[in-house]
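Biologist: I'd like to go through this model with you. Can we take a few local features one at a time?

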Amino acid sequence: MRNIIFLFSFILLSACGSGGSDNKPTPEQPSSDNKSPTISISGEQQAVSAQAIRLSTQIDDPEGESVTMEWSSNLAGVTFQDASEAGVLIQLPNITESQQIVVTLKVTDSAKNTVSKSFIISVEPSQTNAEIELKEHYEFLSGSIVKVTAKFMAQEKVEQVDWQLTNLTVDDMNISSNSVSGSGESTVSFTAPDVSESQSYLLDFILDTTAGRAEKQTTIKILPKNSGELIVNLDASYQGNENDQMLIKPDVQTSEVVESYQWQWLDDSLGELVGQSSKDVIIKTADVSDDQTATLVLTVKTRSGKEKSVQTEIKVKNVVQSGNVSLSVNRTYAAPGQEVVVKVQLDNPDDIKSFEWQVSDEVYTDITESASQLNLVMPTQSTSLLSTLVNYKVTFKNDVSVEKQAVFTLMSESATKATLDITQADELPQLYKNEKLTFNAQAIDKAGVLDSVTLDISSISFADLNIATLTRDGLDLTFTLQAENILVNAELMLKVVMNAGTVSAIEYVKVKLNRSNLKLFAGSEKTFLSGSDFYVFGHAQDRLNSQNIEMNWSSNNDDLSIESLSANAAKITNNATASYLILTLSALDDEGTRVQSDVVTKMTSRIYESGDTYNCYFRTDEVSCRDKRSNKLDTGEITDTIKKGVTDGEYACLLTNTGIVSCHGNGPASVLEVPERANAVNIVAVNNTNMCAQYTSGEWQCWGESQSTLNTLLADKPQVDNLIGTNNGVCLVNQGYFDCYDEQNKPIFKDTSSFVKSIEYVTLLKKVCYIRQDSSLRQCPDDINAAQ
């Protein structure tokens with residue numbers, strides 16, 4: 001009996017020391033030299049099943065030594081998170097009946113002194129059968145908008161919805177909730193705090209129903225703004241009806257440029273993904289025989305190579321329809337100021353008891369709604385592409401409810417302008433005085449938002465337009481112009497205004513202004529050695545085919561002597577020292593207006609040329625061509641003044657001021673055997689096996705491996721001013737225009753938009769290029785520069 005009484009007393013004493021937060025630490029390994037740490041624990045002693053609570057702790061070691069901590073509980077399923085000397089977060093498991101649980105903190109110092117302290121928590125089971133869907137973890141950048149959505153479904157009436165933050169106070173928390181018959185969703189938003197290093201906070205969603213409270217917790221991790229992280233957030237789930245549309249909008253945060261978005265089904269598909277490579281995706285839900293769930297995955301990549309994939313659950317409900325209900329939208333994309341109309345198609349509109357429209361974004365304020373139609377006027381806003389979900393819920397007189405959704409995208413002003421453009425043919429339309437011009441252009445409307453197109457001629461100063469109209473047929477634009485007077489030969493930029501809602505995009509259409517029906521071409525630029533005489537060959541192009549066009553050559557340089565040889569050609573005796581010699585070709589048109597054209601001939605003391613074998617320089621009295629081993633080519637004795645030199649392949653050719661051509665080197669022999677013809681005025685090395693020369697008559701003659709092909713090409717082209725070889729053939733300055741042919745004399749490129757100013761082989765680009773008279777830009781077409 002004494003043993004029993006002793007045991008009973010021991011139990012009573014033990015029980016008296018185990019409750020609440022007043023428990024005294026129990027040393028397990030006392031040390032006479034080193035005192036044990038002391039522990040105090042405080043916090044809530046009442047909790048609900050599945051709740052997370054935080055306990056505060058204070059640990060003091062008399063010697064100030066470091067300690068280790070270990071938490072434990074007498075109930076399975078209790079977990080401990082974020083433990084520190086200041087406290088711990090305790091996640092309670094689900095329980096079905098009331099009970100008290102004990103959590104114990106065991107602390108050991110560096111001298112192996114161990115002390116323990118327990119804390120009792122009374123836990124009540126949740127009385128509600130509510131289900132809450134909320135992701136366990138979210139990430140946001142410092143200073144960004146935190147936005148978290150929980151979806152819930154309760155069998156009981158929902159009395160209150162709330163969100164609570166732990167260890168974080170914010171001033172701008174906003175909660176938006178909606179529920180019908182116990183089901184709904186709630187979204188909380190606030191500005192993320194500024195942090196210098198990653199911080200985690202607890203966010204609780206609290207749902208109070210008539211049967212009790214249900215809670216679910218998520219962790220909000222805030223990262224520094226300059227962390228360089230790629231953050232992608234999706235809700236835990238999204239729900240929609242079959243044969244409907246769902247809009248999924250992720251929250252993507254990064255300081256980098258996003259290179260790609262990719263949406264895909266992980267396993268089974270529950271519908272077509274529209275905008276699979278866009279930030280926002282639309283799901284056209286499939287027809288399902290019963291409620292189904294599938295996993296949707298979004299992968300985001302940045303330009304630097306960062307990549308993150310997140311997933312969410314898509315739930316598609318099978319709907320028993322009470323008659324057919326569908327929505328249609330008049331626009332897929334809309335510009336500010338435009339009206340979006342969502343229409344309802346119903347089999348039985350007279351049976352409607354009530355209806356409700358919901359629009360996913362708050363930017364829309366100009367809204368008109370009825371049971372059969374929703375009208376929204378698009379506002380001006382800064383988001384480039386704002387995907388918008390419209391939800392329509394109709395309840396019939398038999399109390400059956402049906403929900404349908406429609407999606408459209410509102411564009412910003414800049415995004416709208418980026419979708420509008422105008423294209424026209426490469427060959428510009430030509431406008432002449434007192435002649436009506438009609439031409440076409442094509443409007444580009446990538447988003448289908450174009451309302452109207454107008455022509456603005458208020459700033460035109462180069463011409464007096466008495467007719468200027470623009471008509472539109474779909475995307476086909478027709479312009480009609482007539483000018484009473486044209487002041488200059490120039491490109492006219494016609495201002496075209498493309499209107500979409502309140503947005504106006506300015507585009508331009510080009511027209512070539514011509515003061516006269518007569519055009520003169522004085523030639524393309526050429527280069528000779530200083531002091532050389534040279535020849536010019538002009539060309540007249542008259543739209544009215546006038547036969548009596550008298551052309552004259554002139555110069556403002558008194559050291560140039562001009563001798564006319566024919567109606568369009570002249571010999572220039574050069575006594576000038578200038579590097580740029582300008583000759584002017586002029587004539588009177590049918591109205592007596594003087595038309596003129598200039599040509600520049602360059603003079604240099606030394607010409608440098610490089611070919612496959614030789615690097616050469618040519619002077620009036622000296623020629624030096626050396627191969628890659630520095631062996632000098634023998635070009636014979638210089639007995640006449642050199643005018644020009646060229647090299648290609650294994651040869652070099654000279655042109656003297658008296659019109660004699662000679663070629664030297666290893667060949668081919670067909671190049672070295674120069675035709676016995678005097679009075680050459682220009683020479684061109686076409687390629688490594690062919691040479692051409694122009695003569696005082698203006699004619700060209702070629703010799704070499706392809707002489708027959710080249711001479712055939714040139715035979716019916718009496719107005720060739722210059723030529724240049726290409727990888728695949730030859731290009732001519734033919735009647736003033738750049739005109740190219742392949743090795744079989746088939747045309748491969750021609751530019752008739754303007755006369756040619758110069759042609760050249762650009763060594764740095766390794767391309768044949770030309771410059772037009774109406775532009776300073778070098779053109780190097782791929783058509784003539786393709787590799788053999």
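Biologist: Which residue in β66 does serine 758 stand opposite?

Modeller: Serine 758 stands opposite isoleucine 771. Keep in mind that this is a predicted model, where local features need pLDDT of at least 70, side-chain atom pairs count only at pLDDT 80 or more, and totals for chains, interfaces and linings use all residues. Residues are numbered from 1 along each chain as its sequence is written, and side-chain values use heavy atoms, with hydrogens and water left out.

Biologist: How many bridges pair β65 with β66?

Modeller: Six, in the antiparallel sense, with β66 covering residues 767-772. Two strands pair if DSSP finds at least two bridges between them. Strands here are DSSP runs of E with at least two residues, and helices are runs of H or I with at least four, numbered from the N terminus.

Biologist: In what order do the strands of that open sheet come?

Modeller: The order is β65-β66-β67, three strands with antiparallel pairing. The edge strands, each pairing on one side only, are β65 (756-762) and β67 (778-779).

Biologist: What about the loop between β65 and β66, which residue is found there?

Modeller: Lysine 766 is found in that loop. Its phi is positive, about 55°, although lysine 766 is not a glycine.

Biologist: Is lysine 766 buried or exposed?

Modeller: Lysine 766 is exposed, because its relative accessible area is 62%. The cut-offs are under 20% for buried, over 50% for exposed and partly exposed in between, with a 1.4 Å probe and protein chains only.

Biologist: Where does aspartate 399 lie?

Modeller: In the loop between β33 (385-396) and β34 (401-411). Aspartate 399 also has a positive phi, near 65°, in a residue other than glycine. With a relative accessible area of 52%, aspartate 399 counts as exposed.

Biologist: Different topic. Which residues does the cis peptide bond join?

Modeller: Glycine 667 and proline 668, with omega about 15°. Proline 668 lies in the loop between β57 (661-667) and α3 (669-672).

Biologist: Now isoleucine 222. Which strand is that in?

Modeller: Isoleucine 222 is in β17, residues 212-223. Isoleucine 222 counts as buried because its relative accessibility is 1%.

Biologist: What does isoleucine 222 touch?

Modeller: Leaving out residues up to four places away in sequence, its contacts include Phe140, Leu141, Val146, Pro193 and Tyr201. Contact means heavy atoms within 4.5 Å.

Biologist: And how far is isoleucine 222 from glutamate 131?

Modeller: They are 27 Å apart in space, C-alpha to C-alpha, and 91 residues apart in sequence.
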